[in-house]
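Biologist: Please take a close look at a single part of this model and tell me how its side chains are arranged. Plain terms with their cut-offs will do.

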Amino acid sequence: VQLQASGGGLVQAGGSLRLSCAASGIIFSANHMGWYRQAPGKQRELVAHITSTGTTTYADSVEGRFTLSRGNSKNSAYLQMNSLEPEDTAVYYCAKSLVGTWISDYEDWGQGTLVTVSS
């Protein structure tokens, strides 16, 4: 199993980024996909997740600004992040789960991609 997160970078507040998570070694369509983030000195927290059937859930802090989608034909999940704020600065991780969407359900994690939002 391999999850490759990409698309992070440095952006000014108010800007946008699109993160991608490319999966291999799994039946992608059968998996729930999640994005989590971890800022320095803080715990890893949920950003959003999308079930195998396409239902999405967002953290309150990103609701209305971020959009999570999946492309089963490309074995990829995409996190479109708009109106970025300095508080969004973190390492973003994608993860996959066959059983559920609690953080403990995710069996495999990507390596993370750094998002830095300057004020």
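**An aromatic cluster and its surroundings**

Modeller: Tyr-36 is buried, with a relative accessible area of 4%. Buried here stands for under 20% relative accessible area, exposed for over 50%, and partly exposed for what lies in between, with a 1.4 Å probe and protein chains only. The model is a predicted one, in which local features need pLDDT of at least 70, side-chain atom pairs count only at pLDDT 80 or more, and totals for chains, interfaces and linings use all residues. Residues are numbered from 1 along each chain as its sequence is written, and side-chain values use heavy atoms, with hydrogens and water left out.

Three aromatic pairs turn up in a search of the whole structure. Tyr-36 and Tyr-106 make an edge-to-face pair, with 5.6 Å from centre to centre and 75 degrees between the planes. Tyr-36 belongs to strand β4 (residues 32–38) and Tyr-106 to the loop between β9 and β10 (108–109), so this pair ties together parts that are 70 residues apart in sequence. Rings of Phe, Tyr and Trp (its six-membered ring) pair when their centres lie within 6.5 Å; planes under 30 degrees apart are stacked, over 60 edge-to-face, and the rest tilted. Strands (E, at least two residues) and helices (H or I, at least four) are DSSP runs, numbered from the N terminus. Tyr-106 is buried as well, at 6% relative accessible area. Together with Trp-109, Tyr-36 and Tyr-106 form one aromatic cluster.

The side chain of Glu-107 meets that of Lys-96 in a salt bridge of 3.2 Å, N to O. Glu-107 is in the loop between β9 and β10 and Lys-96 in strand β9, so this pair ties together parts eleven residues apart in sequence. Lys-96 also meets Asp-108 in a salt bridge, at 3.7 Å, N to O. Asp-108 lies in strand β10 and Lys-96 in strand β9, so here the parts tied together are twelve residues apart in sequence. A salt bridge calls for a side-chain nitrogen of Lys or Arg within 4 Å of a carboxyl oxygen of Asp or Glu. Lys-96 is buried, with a relative accessible area of 6%, whereas Glu-107 is partly exposed at 36% and Asp-108 is partly exposed at 24%.

Cys-21 and Cys-94 are joined with their sulfur atoms 2.2 Å apart; the cut-off for the two cysteine sulfur atoms is within 2.5 Å. By that rule the count comes to one disulfide. The torsion about its S-S bond is about 65 degrees, so the disulfide is right-handed. Cys-21 sits in strand β3 (residues 17–24) and Cys-94 in strand β9 (residues 90–97), 73 residues apart, and the pair links distant parts of the chain. Both partners are buried: Cys-21 has a relative accessible area of 0% and Cys-94 one of 1%.

A charge counts as over a ring if NZ of Lys or CZ of Arg is within 6 Å of the ring centre and within 35 degrees of the ring normal. Arg-18 is placed likewise over the face of Tyr-78, at 4.2 Å from the ring centre.

The picture widens with the largest nonpolar core. Of its 29 residues, Trp-35, Val-47, Phe-66, Leu-79, Met-81 and Tyr-92 touch the most other members. Such a core is a set of buried Ala, Val, Leu, Ile, Met, Phe, Trp, Tyr and Cys residues joined through side-chain atoms within 4.5 Å. Strands β4 and β9 are among those that each supply at least two residues of this core, while β3 gives the most, with four residues. Leaving aside neighbours within four places in sequence, Met-81 is in contact (heavy atoms within 4.5 Å) with residues that include Leu-19, Phe-66, Tyr-92 and Val-115. In soluble globular proteins, nonpolar side chains tend to be buried together.
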